[in-house]
Every structure is written in structure tokens, then in C-alpha cells.
Amino acid sequence: MIKVGIVGLGFWGKVLLEYFKSTKGCKVVAVQEINPQIEKEIDIYGIRFYTNLEEFFSKEKMDAVIVVTPPPYHILPTKMAAERGIHVFCEKPISASLKDADEMIKVCKKNNVKLMVAFKHRFSKAFSYVKQNMDILGKPFWAIYTYPLWQVDNPGWKFDEKGTKGIIVENMVHAIDGLSFIFGDVKRIYAEGGNFIFKDAKVPDSAIFTLRFKNGAIGAIGGGCTSDRRISQEYLDMHFENGIAQIYGKLDWPVNLRFLIREEENVEFHKFEGSDGVREEINHFIDCIQNNKEPISNGVDGKKALEVALGVIKSIEENKVINI
Ligand SMILES: NC(=O)c1ccc[n+]([C@@H]2O[C@H](COP(=O)([O-])OP(=O)(O)OC[C@H]3O[C@@H](n4cnc5c(N)ncnc54)[C@H](O)[C@@H]3O)[C@@H](O)[C@H]2O)c1
């Protein structure tokens, strides 16, 4: 039984608490959250609640820590966990800066603990299906990904220049990672952005950008927080030497896949009803600990996606092509 502690119980921390509570092979033993009011808001029967991080680490015996604080605060609990030999599941984006990401990767490697970054798209069945069939699909040619988040009510730290630096780093990083998972590492970025909703924010709320991948493929991603929860759909159209794959569905629930191999007569259609990337990524993390495997989305993947997202912002700000 893997003993789990969770750090940060805001919007997403509460969601993950419920997921981990219902995951086989693990038990949530403690949580840490700086806001004491939150203890009253959640069902933590049998789980110890701490406001102090030092106390949380000194009093609890844990095998894994789940980091769900705002990104500038991912580094401290990650370091404290790694130095105590505790594995880390860290929410995306891995951190607010590449410097933090490097330190997080280094400390986890030095202490021989897993560092998994939560990129749920990698674990959804449609993405897994395409990934497993890469040999058949052949060389990636080009792709377009629309990934439109609905309007967020209060941008808070998500739009703070010192925080996550806006919706591109906070949210579109899922699309950047999802496409990179299939197409490979990015070499070059050109982006255009706009402030359509949050006119006074210093970072864009919407962006469209092109990517050149190291293997020669090209891609484009468009997104931002101008959509509406009622109709937000993500759509990823990928063209390969030997086939075409189209993944689509409700934002963050892309359960549909059209899959065509050029030489074959029939087009496959899959509806992976019930596919839940969050459930799958958590099961994968527990499996990695139990069976000493490297996570499918590790710290290096987290840093690569952050580097592209920051490159998108830089390209918009400086109106130039950014080489990675
Ligand atoms: N994978 C996903 O689909 C998904 C969805 C939403 C958010 N997230 C990620 O989860 C993380 C948290 O996002 P959120 O939406 O829950 O934010 P939030 O602002 O709702 O919650 C953050 C919580 O962390 C607490 N906190 C702040 N500083 C802290 C510190 N130093 N130590 C302990 N707790 C601290 C805050 O009090 C708050 O309760 C971010 O990395 C975000 O990108 C992921």
C-alpha cells in the first residue's frame, strides 16, 4: 500500500484528493494546505490536515507526495519530498521557471525518486492508441490542434507575470505536451497572441502558434480562454506518411478517434467511452512506484513542454521566431 500525502487543496487538489482516495494500491494519509479554512470544506475523515509544510514532512511517513499548489510553489515540496526519499507526482506545468524545473529534475534524480508530471492527455485512450501505432503511421507530417478553454472567472495567479504567466503556460501546455508526445521534440516556434478577455493582463489570454519539430514535421496550436464550457471541444488532426489520426471530444475528454491507414479500405472509428486520463495517470504513477518503472510523463517532459509554452510567450512579446 503506497502512502500518499497531498500538498495544496485548492480547486484541483480537491479533485485529486477524491481520485487518490478511490485509487487501488494507495492510501491518502495526510494533506497540507496553507489555508486552514479548507479543512472544513473537504471530506478528510481519517486523513491528517497540516497547514505547515515542515510539520507535514516531519510527522508523516509517506511514499509519495502529490504537488497541487500554484506552479511557483511546486519546487519546495518537491525538493523536501525527494530529499526524504519520497516519490513526487507534480501537477502541470512542472514549475513557473525552467530554473525550477531543472532543480526539480536534479533533486529527484539524485535521490532516486520518481518525478511524474501530470499530463492527462498522454493517458487518455485515444492518445495511447495513436502512440502505440506510430510504427504503422510512419513519419509525422503535420498537425493542427484547437484547444479552447472557457473563460475563467478570476484569473488570479494564473495570469500573474510572476505566477504561471497566463493561460498558455497554465492550460495550453496540455496541448503542447499532447502533440509533442506524438510528434516529438520542438525545434522552433512562431506565435501571435491577443488579450481579448483580460485586456489589462500583461500576458496574452489567447494564442495561435506554429511549431517546427526536430524530425521536420510541422504543427499549429490555437487556444485561449475565450470559449464556453457548454461547447468547448478539442480537436487534433494529425497527418502521417502512412495515415491520418483525428482525436476529438469535449475539452480534456477527447474520447473519439478516427484512424486511417492510407493503404487500407476501412476507416477505424473508436469512441473510448469512459476514458479518463486523470484516473489512468494516477494508476500509472502508483504502478511506477510499485514496479520501479519510469513514468511516461517525467520531469524532462514537463520541462520541455514548459520551455515551448514560455517560448510562445516570448515569440508574442518580441514578435520573432524562437529557437529551442
Ligand atoms: N491537470 C489538470 O487538469 C489541472 C486542472 C487544474 C489545475 N491544475 C494544476 O493544479 C495546480 C493548482 O491549481 P488550482 O487550480 O488547484 O489552483 P488553486 O489556486 O485553486 O489552488 C491552489 C491551492 O494551493 C494553496 N497554496 C498556495 N500556496 C501554497 C503553498 N506555498 N503551500 C501549500 N499550499 C499552497 C492555496 O491556498 C490553494 O488552496 C496548478 O499547477 C494547476 O496548473 C491541473
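Where domain 1 meets domain 2, 14 residues of domain 1 are in contact with 16 residues of domain 2. On the domain 1 side, helix 5 (98–110) and helix 9 (277–290) are the elements that give two or more residues to the contact. Please keep in mind that this is a predicted model.

- Domain 1 takes in residues 2–119 + 281–296, while domain 2 covers 121–275 + 305–323.
- Between the C-alpha centres of domain 1 and domain 2 there are 26 Å.
- What kinds of residues make up the side of domain 1 that touches domain 2? Ten are nonpolar, two are polar and two are charged.

**The open sheet**

- Six strands build an open sheet, and their order across it reads 3-2-1-4-5-6.
- The pairing in this sheet is parallel.
- Which strands sit at the edges? They are strand 3 (48–50) and strand 6 (115–118), each of which pairs on one side only.
- On average, neighbouring strands of the sheet are turned by 25° against each other, with direction ignored.

**A look at strands 5 and 6**

- Strand 5 spans residues 87–91 and pairs with strand 6 in the parallel sense.
- How many bridges link strand 5 and strand 6? The pairing runs over four bridges.

Note on methods. Residues numbered from 1 in each chain as written. Predicted model: local features only at pLDDT ≥ 70, side-chain atom pairs only at ≥ 80, totals over all residues. Pairing = 2+ DSSP bridges. Axes fitted to C-alpha atoms, helices over the stretch in contact; angles between N-to-C directions. Domains from an automatic or database assignment. Contact = placed C-beta atoms within 7 Å. Nonpolar A, V, L, I, M, F, W, Y, C, P; charged D, E, K, R; others polar.
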